[in-house]
Each structure stands twice: as C-alpha cells, then as structure tokens.
Amino acid sequence: MLAQVMAAIVNWCWHHCRLVVLLSLLATVALGAFAATHLGLDTDEGKMLSSDLPFRKAEKAFDKAFPQNADTLVAVIDAGTSAQADDAVNRLAARLASRTDLFRSVRRPPEDVFFRKNGLLYLSTASLTDLSDRLIQAQPMLGGLARDPSLRGMLASIDLALEGVTHGQMTINDLAPMLEQLDGPAAQIAEGGLASPLAWQSLFGDAAAHDRPRRFLLTQPILQYDDLVAGSKASAAIRDAARDLGLTPETGVQIHLTGSVALADANFATVATGVEISAPLSLVAVTFLLFFAVRSLKVVGAILVSLMVGLVATGAFAAATVGTLNPISVAFAVMFVGIAVDFAIQFVIRYRDERYRLDDNTEAAIIATAHDMAGPLSLATVATAIGFLSFLPTAYTGVSQLGLIAGGGMIIALLVDFTVLPALLGLLRTPAETEPVGLPLARADNWLARHAVGVVSVAGLLAVTGALLLPFLPMDFNPLHLQDPKDEAVSIFLDLARDPDNGSYAVDILAPSREAAETLGKKFDPLPEVARVMSIDSFIPDQQDDKLAILVDLAALLGPTLNPPTILAAPRPDDLVKALTESAIKLETAAGKDARATGLATHLRRVAAAGPAAVLALQDSLTSGLTDQLTTLRQMLSPKPIAFADLPADLLREWLTQDGRARLQVAPKDDMEDRAAMLHFVKTVRAIAPNAVGLPVAVEQSGTVVIDAFTQAGLSALGAIAVLLGLMLRRWLDAILVVLPLVMGALYTVIGLKILGIPLNFANIIALPLLLGIGVAFNIYYVVNWRQGVNAPLQSPTTRAVLFSALTTGSAFGSLAVSPHLGTASMGLLLFLSLGLSVLTTFIVMPALFNLLNRKRS
C-alpha cells in the first residue's frame, strides 16, 4: 500500500515538475522568512542541562545568595609596579562604572585590598619574627631610601653596605641579592634598551610578597544571549577604555580578560572561526563526491537544491517547535545534511539503476524507483527519527532539543525526496545510463562467501574486546579542554589556576549560618585533598596579641627610620652621574674581583657615560615603585586588632547573606587538570557537603549527566528501533541483523578511541545520534536487499549508494578536524573514525552473516 501511494505521488510530481519546483521554491522562501523572523539563538551554556538536577539547583541557590559572583568578566591587570597596577585598576574601574548600559557591576575584589593592608597579621608567628629580623638588618638601607627615595639614595645605601664589607662586618655574598637586582636594569640601559621596573617586594621579602603588581577588576556585563558572543560588547568596552586611558603595553600595563563570560565568548568565537574554515572545505568535498556518485552535474544540482529546501523547512520546523536554538541544537543543520544526503543518494542511484535496466525509460524508472525505495527509505526515516527523539526525556536539554528538531527533519527529508527531488530530476532531464550502476566487487563477494565463518568469528572477538574496553573508555568533560589553550581567556585562567590562592578550581558551599560554616570547615581542614578552607572567620587572624606585640616593637624601631623629619629634594642629572661614578669605584675597591660587583660597576659607568637621558631612565626603573612600597610597609607596621565587627561591609557581602547564611570555600591541593584528581576531590567534598558548587563539581556532575543521558537514549533507541523493525519487517531475525552490526560498529569505535587516545567530551559525543541514524539506515538497505534475494550485496547499486553516502558525510564532518576549536576538531575525528568503522562493518560483517544464514537455509 505504501509503495503504491509513494509511486503515485512521485509520478504526479514527475509529470508536473515545473509546478512542483515553483511551489517548492516559493514555499522555501516563505519558510525561510518565517525561520529568519521566529528562530532565535540563546548561547546561555547554563541551559544545556536540566535545571531540575540536584547540582544545578545548588548552583542556582548559591548564585541567588551571592549574585555578584555569577557571569563575571574579569580584567587581569599586570603592571611594572604595585603603584602602577593600583593606579591602572582604579582608573579603569572609574571609567567602566559609568557604562551602566553594558555593566551591572564593576568592583575590585574586597579581599585584595583587605589582605594587602593587614597582611602581616596573617603570617605565622615564626614567619613574622623572621621578617622582623630581616627588616631590622635592612634598617640602614631603609632609612637612607626613606630620606632620599631616588637613585642617589639607593646608591648611598649600597655605599654604606660596602663600608661594612670593607670593615669585615659582612661579606659581598650578603649583598648578592641586592647587586643582582640592580644589575639587571643597569645592564639593559647600558646596552641602550628599556629596563624593567625593579621588584621592590623581592628586596623586602614577605613584607610585601603578596603585593605583586597584579590587580583584578570584576565586572558583571549585561549579556546579549541572542549574539553568538554574548559578552563581546562589554569586552570591547574594557579594551577601548584601557586604550583611551593609556593602559597599554607601551606604558608598562597589560590587561587580559578571563572569567566565565570571557571563556564562553572565546569558545563560541573559536567555533565560528572553525565553521568559516570547514564549511568551504565541506562544500567542495561533498560536491566532488556527489559528482562521482551520480556522474552528472545536473543530478548533483538537483540533490543540493533538495537539500537546501529540506534544510530551510527544518529550520522553520525548529522555529515553530522550540523557537530558540541553543549551542548544541544549532547542529541540527549538520545532522539533517548528514542523513538527508544519504536518502537523496539512495533514491538517485536506484533511479539510475532502473534507467539502465529499463533502457532509459525515465517515466517507468522513476515509478519503479519510488515503488522499490518507499519501504526502505520510510523505514530508515522512522527508525532514525526514533533514534533522535529518544533524547527527548533525558536531562541533557541541549541534545534533547536537537533530537526533536533532527527527528522532525528526517520526516521532512523523506517528503522532499519523494516530491521535490523527482520533480527536479524530471525538469533537468539527465543523460541516459549506459553502464551498470553497481560496483565491480565480485571477488570481494566471493571471498566473504568462502570465509564467512572466519570473518564473523573475528568480528565477534573484536566486538567482545570493545565491550571489555568500554569501562575504560577515555572521557574528558572539562569544557576548558575543548578550547585553544593559547586563547587569552583560557591561558590566563590556567595561569591563575596554578596558584591555589586564586580559587580558580575552588568549590563553594552555602551553609545555613556562620557557625555552621565554621563547623563544616573543620571537617575539611585535615583532609589531604584540601589546600585551603576559607570562611568569613578566616579574615580574623589568630594569635593577634603575639603578632601585634612583634609589630609594635618593630614599628617602634623602624618608625623613625621610615618617617624621617625631612626628605631630600630630587637630585639633578649631574648629581646622579657623580653618584654613579663614585659607587662604581667603591664596588671595585670593596669587592675586589667579585664578578657580580665588577659587572655592576661596569654597567654603572656606562650608564653615567651615556648621558642624562640614560641616567634618568635608570632612576625611573629603580625607584618608580619605591615610594609606594615604603608607604605599604608603613601601613603594615601600624595594624590594628581585627574583630568580626571590624570587617568592611563589602567583604561581608562576599561571605555572608543578609539572612545570615554563610559561604565556605574549599580549594583543592592537587592539579585539577588531572581528571582523576578532580573526580577524587569532588567525591571527597560532596561526601561531606552534597550542595557544593564550583567548576570541579560542574565538570564531574555534567559528565555524569551526559553519559547517563546518552546511555538512556541509546538503549531506549535501540530497543524501540528493534521493536519497530520486528513489527515492520515481520521477522525478528531481520531486526537483529539491522541492530547487531550497529552495536558492533559502536564497539569497534571504542577500540579506536582507546588506541588513538581520543576522549569523549561535550562536543564529540554529539556525533553519536548522527552515527546511530546513519548506521540504522545503511543496515536497513542491506537487510531489505537480502530479503529480496540479493546474494551479492557488494555488487549491488545499494553498496555504491552507501559507499558514496558515507564518503560524502565523512568528508563533510572530516573537514571539522581542521577547526581551531579543539572540541569541534575532536568531533570531526570521532565522526570520521566511527563512520568509517560503521561502514566497514556493514560492508564486511553483514555479507558474511547473510552467507551463513543462506547456508543454514540451504
């Protein structure tokens, strides 16, 4: 019945080809206009998984409690000195705060300023005592620099230290760190280059070691999720503001962007770049292979037009059913083309074969094609649609939406192939077929018939091997590993992640109260997997009485030294030349033949001889951060006791909610780039606090959800397809013959992934629904042929159609492997590998199985 209906439709479209083509083009324009105006894009990655998942609910609860930490775009500011970094971050913050059209908030991390002001109280008593001793030893130098914060004052301090060397009070080795620090800039300027600013904190030790010339500016941009790069306007605004303010590498300031927004933007931007590269390659490869499949440019044109009509109609279907595409469902176009091109090739090659057998009677050939292909293509369409629709009930929302669109697209592809494609073939009137359409593979058919038992045995052993390797299949669901590590947002994030104090991989826990957070924190403190535990009480130093006593004594001793009654006026260039020359002489005299001292002396002489410009450049390099560092040291030496009531309001907002709930942060000790270490850390944390959130938890839980979704969908799809085939083909053996090679091909893919070391990830796992659809279709064609008595399957036109369909789809997806986006590239590799193994299974295992079954029947 179905065959007669389809044949009648195709016959009508063939005789009314002009009208059908015209109506289909008009419908395409209308559907395209509807899709363009009703189909949107939402790049919010948070919507990829169901919001009803426990860890997603915990994320939403934490973001609601501390909304200032969600969707951040972080500007990382590096400068030559702390003073320069402070100036840069403050100016940039003031400029961006006025852009309320682009930013919801702009702020500096409150912990940053607080710790730099009170940092000495957070040292251990032993470390603070050691620091106190070092500062007392450096008192003469500090006094000289405080009185004369210039190159002249610095050289005077060196001269004073050299007097100690001359009188045996110290050795030249004691001055080695200072000499090496000074010699770097002096050597650069002596060679006519630019000198890097002196890192004064390295001279003062732990007194300012935490005060590196790096600052952070946290912004919350207003995201445009209808744009592929949702935070692009905010990022551009930050870069423009930095350029307008003169915060550029030329002035010694570098600004890099990272954070969740920058990482997402970089991800989608790289994907778009990859599409720009792979799309032309894919189009050329598909067109080239289609020509060799059908041997006619007119037929190639007919297939491409029918694909375009079906793709536009599928886009309109997506607009009507989902309205907004997510970053995964945008791949519906790839899914549609990958399978629709197979349907079209199957139809056209069968048409060519009928024309050859019927002596170019085109009308009879097109009716015979419709009659013969109605069953296989309809069955393949329904089975493939079931495979896609099986993702609807899963928690992986992104793929669930893709399954709905792709499932509907399969029905559309079938309708197009039995209406538009026959009309185009009738309109174009392609040349007659003068040669058989099948492939000359008689020897291969005969070999498989003779060695059927061995082939099936080896295939079975390989399938068992794949099943055994399945639990060890490499997986990596860290989204950072899908991106180019050289990208700014990624490289800066990875750089920050190397320091546990930055909390890049830390997890957060929302406790019901401050006391509960403190109690919970004590459970994490002794764990070997934990590097640091922080709560609001972490900002109240312990042993304050002992530390304050040390600082009071130190301030009493160094206070007059750091606060001289008068500060000398800035020296003139000729004064500096004189000081340089005198210091060079003293270095040579006091140090003898010490290479460090004589090298510095040589460079000081060359700078003095180079003239005032070089001398002032050296002074600027050596003293640009000195005044700020002395000010920081003065502040550190005058701390006050810190109680909970003394904590600033902005700091409290970072760790406590208005209703009394508290934030607890747990930082990992191990390298979170190691997946095993990350999984162990997450398991350990969630065993104590199931509501923990953060990047490690999101990575581990998302991976679990994705694997569960694909397992659930895959098993349900295979079961549903098997039942469908059993009912439609009315023989369960035929249903098993369709499903079994599909499973075997999947297991062979597991072996390939293991050998090549390609892990499953968020990107390439999307290939599995497509492979399920294509594999089912290929196997159905072969089983239907076998039912119809085809005993030499490799010589049939079906094999030619399957081969070129696989080559076309494989080349289209293989072009993705050249994408700069690592996730897209891995998807291309997985598709190419698994498609190749699936086709080989169809070409080798299925004919061998057919031969064994034929022997049994005989």
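Ala, Val, Leu, Ile, Met, Phe, Trp, Tyr, Cys and Pro count here as nonpolar, Asp, Glu, Lys and Arg as charged, and the others, Gly among them, as polar. What you see is a predicted model, in which local features need pLDDT of at least 70 and side-chain atom pairs count only at pLDDT 80 or more, while totals for chains, interfaces and linings use all residues. Residues are numbered from 1 along each chain as its sequence is written, and side-chain values use heavy atoms, with hydrogens and water left out.

**View 1. The largest cavity is lined by 13 residues.**
A cavity is a set of points, on a 1 Å grid over the protein atoms alone, where a 1.4 Å probe fits but cannot get out; a lining residue has an atom within 4 Å of a point. Points are joined across faces, edges and corners, and the volume is the space filled by probe spheres set on them. Searching the whole structure turns up 7 cavities of 30 Å³ or more, and the largest one holds about 100 Å³. Look for Gln346, Arg350, Met373, Asn785 and Thr798, the lining residues that lie nearest the centre of this largest cavity. Two or more lining residues come from each of α14 (332-357), α15 (362-389), α31 (767-787) and α32 (797-814). These labels are DSSP runs numbered from the N terminus: helices are H or I with at least four residues, strands E with at least two. Sorted by class, the lining has 7 nonpolar, 4 polar and 2 charged residues.

**View 2. Arg800 sits in helix α32 and is buried.**
Buried means under 20% relative accessible area, with a 1.4 Å probe and protein chains only. Arg800 comes in at 5% relative accessibility, so it counts as buried. Which residues does Arg800 touch, not counting those up to four places away in sequence? They are Phe292, Ala293, Arg295, Ile349, Arg352, Val437 and Leu439, where touching means heavy atoms within 4.5 Å. Now find Arg350, which we met by the largest cavity: Arg800 and Arg350 are 450 residues apart along the chain, yet 9.9 Å separates their C-alpha atoms.

**View 3. The second largest pocket has a lining of 33 residues.**
Unlike a cavity, a pocket is an open set of points, with protein on both sides within 12 Å along at least five of seven lines. This one takes up about 960 Å³. Closest to the centre of the pocket you'll find Leu470, Phe710, Ala746, Val750 and Leu768. The elements α29 (695-729), α30 (732-756), α31 and α33 (822-857) each give two or more residues to its lining.

**View 4. Three strands make an open sheet in the order β7-β9-β8.**
The pairing here is antiparallel, and two strands count as paired if DSSP finds at least two bridges between them. At the edges are β7 (507-511) and β8 (530-534), each pairing on one side only. Between β7 and β9 there are 5 bridges, with Ala511 partnered by Ala662 in β9. On the other strand, β8 pairs with β9 (residues 662-668) over 4 bridges; Val530 faces Pro668, and Arg532 stands opposite Ala667. Helix α28 (residues 675-688) packs on this sheet and touches β7, β8 and β9.

**View 5. Strand β7 has 5 of its 5 residues buried.**
In a regular strand, side chains alternate between the two faces of the sheet. From β7, Val507, Ile509 and Ala511 point one way, while Asp508 and Leu510 point the other way.

**View 6. Four strands line up as β3-β4-β2-β5 in another open sheet.**
Again the pairing is antiparallel, and the edge strands are β3 (103-107) and β5 (253-258). You can trace 4 bridges from β3 to β4 (residues 214-221); Ser105 has Gln220 as its partner in β4. Helix α11 (residues 232-244) lies across β2 (73-79), β3, β4 and β5. Helix α20 (residues 488-497) also packs on the sheet, touching β2, β4 and β5.

**View 7. Helix α7 (residues 139-147) is largely enclosed by the rest of the structure.**
Why is that said of α7? Because 7 of its 9 residues are buried. The buried ones are Gln139, Met141, Leu142, Gly143, Gly144, Leu145 and Ala146.

Conventions: Buried < 20%, exposed > 50% of the residue type's maximum accessible area, 1.4 Å probe, protein only. Axes fitted to C-alpha atoms, helices over the stretch in contact; angles between N-to-C directions.
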